[in-house]
Amino acid sequence: MPRYLRIPASLAAILILTACQDVDGRYVVEIGEVAIVTSDSQLCQGDITHIEQTIDRFEDILDTTVREPIPIFIHSRFADVITGCGSNVAGCFNNDEEVHTLWQALEHEIVHAVAFPLGSSSFFWDEGIAVALSGRTRQGETDVSANFDLERGESLDYPTAGHFTRWLVEERGHEGLRALARKQPLSDAYGIELVEAIQGYEDDAPWSYPSMDPCRGMALSPTGPDTWDVEVIIDCTEPSSTSRRSLGAGATRTIDIEQSGTYSLYLDGGHGVSIVACQLDVIDEPPDGDFAGDIIREEAGLKPPSGFASGQEHQIDLEPGRLLLYLSTDEGVTEEEIGVHLHRIGA
């Protein structure tokens, strides 16, 4: 059995680096009254804060309270998630008891765990609510009517379910969403019949909505026109820290690009940086040409993979918008100073 170290969120920054390991070398930490988290690597304070705030946010949106800590197993290997879930998925709320997930599916599975005591109205609404609350949404490949009556185990178009649910929230508010999560039919929850809702969605829904909680990260201020020469101190005990994209410690920062052009990126120290182009606004129409899945602003020049190693110059074509940076240290390094040097060098 794992040995748990109980760490109230207010004390986690002090104690996180001494979190207990079980016999398999995994780290176990209890976050207040809301979660028991088991991870392949040590969680930084920012990860603990993020998980606690995510659960709090979903509790608030769904008007509910977690009564017992949610067991959350965060895996770094896809194969371990498959073992925990029993199927080929990136995450699951397994047997309605515990979350097994990769980092990228964590928020989605937390929605399921928070909403579980409220009941389950249908496969479509369960997944639609989880997709809508956990990130960006965009129009799917199939119609709502082709997905609405599917049962678990059938091929649901998750983007369609999530985007339709998000459209309802945007058009008619959160109260109906809370009713849907409590097994109420659409006609009672939102006062609209399914056929009418689908028609309104098909007529009016934009191509994509941003996340309800978009792109968190401390902003890096420019040091000159289209220039950033700044030092970022990574410390696993600080609230902005993370281990989600690092075998050591990491930190998230945002940069607002004002001018399009070619930029030179150089990192002095650390392991490297992963960059995500943030979506902050509704996008009415899909981008021209091909795009690769969830990277909405591919015109920012950030087609996956978007990782850049330290110690060498990288040239990136960027468009105006906000970038989210995941700066990381080498394996086992929990404190380091990284110099971030980003300059516009051409039109």
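Asp-226 has a relative accessibility of 18% and therefore counts as buried, a class defined as under 20% relative accessible area, with exposed meaning over 50% and partly exposed in between (1.4 Å probe, protein chains only). The structure is a predicted model, in which local features need pLDDT of at least 70 and side-chain atom pairs count only at pLDDT 80 or more, while totals for chains, interfaces and linings use all residues. Residues are numbered from 1 along each chain as its sequence is written, and side-chain values use heavy atoms, with hydrogens and water left out.

The side chain of Asp-226 forms a salt bridge with that of Arg-344, at 4.0 Å from N to O. Asp-226 is located in the loop between E10 and strand E11 (227-235), and Arg-344 in strand E19 (residues 335-346), so this contact ties together parts 118 residues apart in sequence. Helices (H or I, at least four residues) and strands (E, at least two) are DSSP runs numbered from the N terminus. Arg-344 is partly exposed, its relative accessible area being 34%.

A salt bridge is here a side-chain nitrogen of Lys or Arg within 4 Å of a carboxyl oxygen of Asp or Glu. Eleven salt bridges were found in a search of the whole structure. One of them joins the side chains of Arg-57 and Asp-213, with an N to O distance of 3.8 Å. This pair links distant parts of the chain, 156 residues apart: Arg-57 belongs to helix H2 (residues 45-62), and Asp-213 to the loop between strand E9 (208-209) and strand E10 (218-219). Arg-57 is buried at 18% relative accessibility, whereas Asp-213 is partly exposed at 23%.

A further salt bridge is formed by the side chains of Glu-175 and Arg-178, at 2.5 Å from N to O. Both residues lie in helix H7 (residues 174-181); because they are three residues apart, about one helical turn separates them. Glu-175 is exposed, with 55% relative accessible area, and Arg-178 is buried, with 18%.

Glu-33 was also examined. This residue is placed in the loop between strand E3 (27-31) and strand E4 (35-39). Its relative accessible area of 53% makes Glu-33 exposed. Glu-33 and Glu-52 are 19 residues apart along the chain, and their C-alpha atoms are separated by 9.4 Å.
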